Amino acid sequence: MKKIAITGTIGSGKTECSRIIKKLGYTVFNCDEEVNNIYMSNHPDLINLIDVFPDAYNDGIWDKKVIATIVFNDAFKKKQLEAIIYPILLNKMQEAMKMNGAYFFAEVPLLFQIGWEQYFDEILVITCDDEVAIKRLVDYRHMDLNDAKLRLQNQKTISNKIESNVKFIYNNKDVIDLEKQVIDWLEKEIINDGTKS
């Protein structure tokens, strides 16, 4: 099995890339969706979060917006959250890897920041100019301009050590251009192991 990670900063288009790959018939493990499922299922290990985020838990329901606001401004609580959530998420991802066929795709937003590149054979980084990402966040996610800039800046840490298994797609144009690039990468680098002329 070849394990492939899709990553990139907020607004880069990594989720659109995942949609394209799914449209081609592949399954994509989405870390953000799985985190939502962890909260929705009230995973037993989340009991440890109640003391950290008491205002975010009410009658068995987690308010992720409250948690997001707190961790955005409190680095220590962010580390506490990650220490509980990431092991659960990693376990789910590794279980999913066992159930797939020849290829396993996963959309991992903070791949390099959390050190998960070690679990993948190939990494696709979707990137774009900051101005493009900010415009997408404001236009499509209806973020405040300053909030969009801050969130983008907080995700800008991509490893300086770029290995040969890391490929980049520059997504400054439209979805049609992105789809063309993704299909070309998929056929050349993944299915044909870089041997396609």
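Trainee: Are α3 and α4 parallel or oblique to each other?

Mentor: Start with the angle between the two axes. This is a predicted model. In it, helix α3 (residues 64-73) packs against helix α4 (residues 75-99) at about 125°. Their axes lie 5 Å apart. Angles from 65 to 115 degrees count as roughly perpendicular, and those over 145 as roughly antiparallel. The pair α3 and α4 is therefore oblique.

Trainee: Which hand does the crossing of α3 and α4 have?

Mentor: The crossing of α3 and α4 is left-handed.

Trainee: Which residues make that contact of α3 and α4?

Mentor: From α3 come Ile67, Ile70, Val71 and Asn73. From α4 come Ala75, Lys77, Lys78 and Leu81.

Trainee: What about α1 and α7: at what angle do they cross?

Mentor: Helix α1 (residues 14-23) and α7 cross at roughly 60°. Their axes come within 10 Å. By the angle, α1 and α7 are therefore oblique to each other. The crossing of α1 with α7 is right-handed.

Trainee: Which residues of α1 and α7 make the contact?

Mentor: On α1, look for Glu16, Cys17, Ile20, Ile21 and Lys23. On α7, look for Val175, Leu178, Glu179, Val182 and Trp185. Seven residues of this contact are nonpolar, no residue is polar and three are charged.

Trainee: How far apart are the axes of α5 and α6?

Mentor: The axes of helix α5 (residues 130-140) and α6 are 9 Å apart. The packing angle is about 130°, so α5 and α6 are oblique to each other. Their crossing is right-handed.

Trainee: Which residues of α5 and α6 make the contact?

Mentor: α5 brings Asp130, Ala133, Ile134, Leu137 and Val138. α6 brings Leu145, Ala148, Lys149 and Leu152. The contact of α5 with α6 divides into seven nonpolar, no polar and two charged residues.

Trainee: Now the sheet. In what order do the strands stand?

Mentor: First the general idea. Strands of a sheet pair through backbone hydrogen bonds, either parallel or antiparallel. Now this case. Five strands form an open sheet, in the order β2-β5-β1-β6-β7. The pairing is parallel.

Trainee: Which strands stand at the edges?

Mentor: β2 (28-30) and β7 (166-170) do. Each has a single partner strand, so one side of each is left without a neighbour in the sheet. Neighbouring strands of this sheet are turned by 20° against each other on average, direction ignored.

Trainee: How many bridges join β2 and β5?

Mentor: Three bridges join β2 to strand β5 (residues 103-107), in the parallel sense. Take valine 28 as an example: its bridge partner in β5 is phenylalanine 105.

Trainee: Which strands does α7 touch?

Mentor: Helix α7 (residues 175-191) packs on the sheet and touches β1 (2-7), β5, β6 (122-127) and β7. The direction of α7 makes about 160° with that of β7.

Trainee: Where does asparagine 165 lie?

Mentor: Find the loop between α6 (145-154) and β7; asparagine 165 lies there.

Trainee: What does the side chain of asparagine 165 reach?

Mentor: The backbone oxygen of aspartate 121, at 3.0 Å. Leave out residues up to four places away in sequence, and asparagine 165 touches Phe120, Asp121, Glu122 and Ile123.

Note on methods:
Residues numbered from 1 in each chain as written. Predicted model: local features only at pLDDT ≥ 70, side-chain atom pairs only at ≥ 80, totals over all residues. Heavy atoms only, no water. Axes fitted to C-alpha atoms, helices over the stretch in contact; angles between N-to-C directions. Helix = DSSP H or I, 4+ residues; strand = E, 2+ residues; numbered from the N terminus. Parallel < 35°, antiparallel > 145°, perpendicular 65-115°, else oblique. Left-handed = near helix turned anticlockwise from the far one by under 90°. Contact = heavy atoms within 4.5 Å. Pairing = 2+ DSSP bridges. Polar contact = N/O pair within 3.5 Å; in protein donor to acceptor, adjacent residues only side chain to side chain. Nonpolar A, V, L, I, M, F, W, Y, C, P; charged D, E, K, R; others polar.
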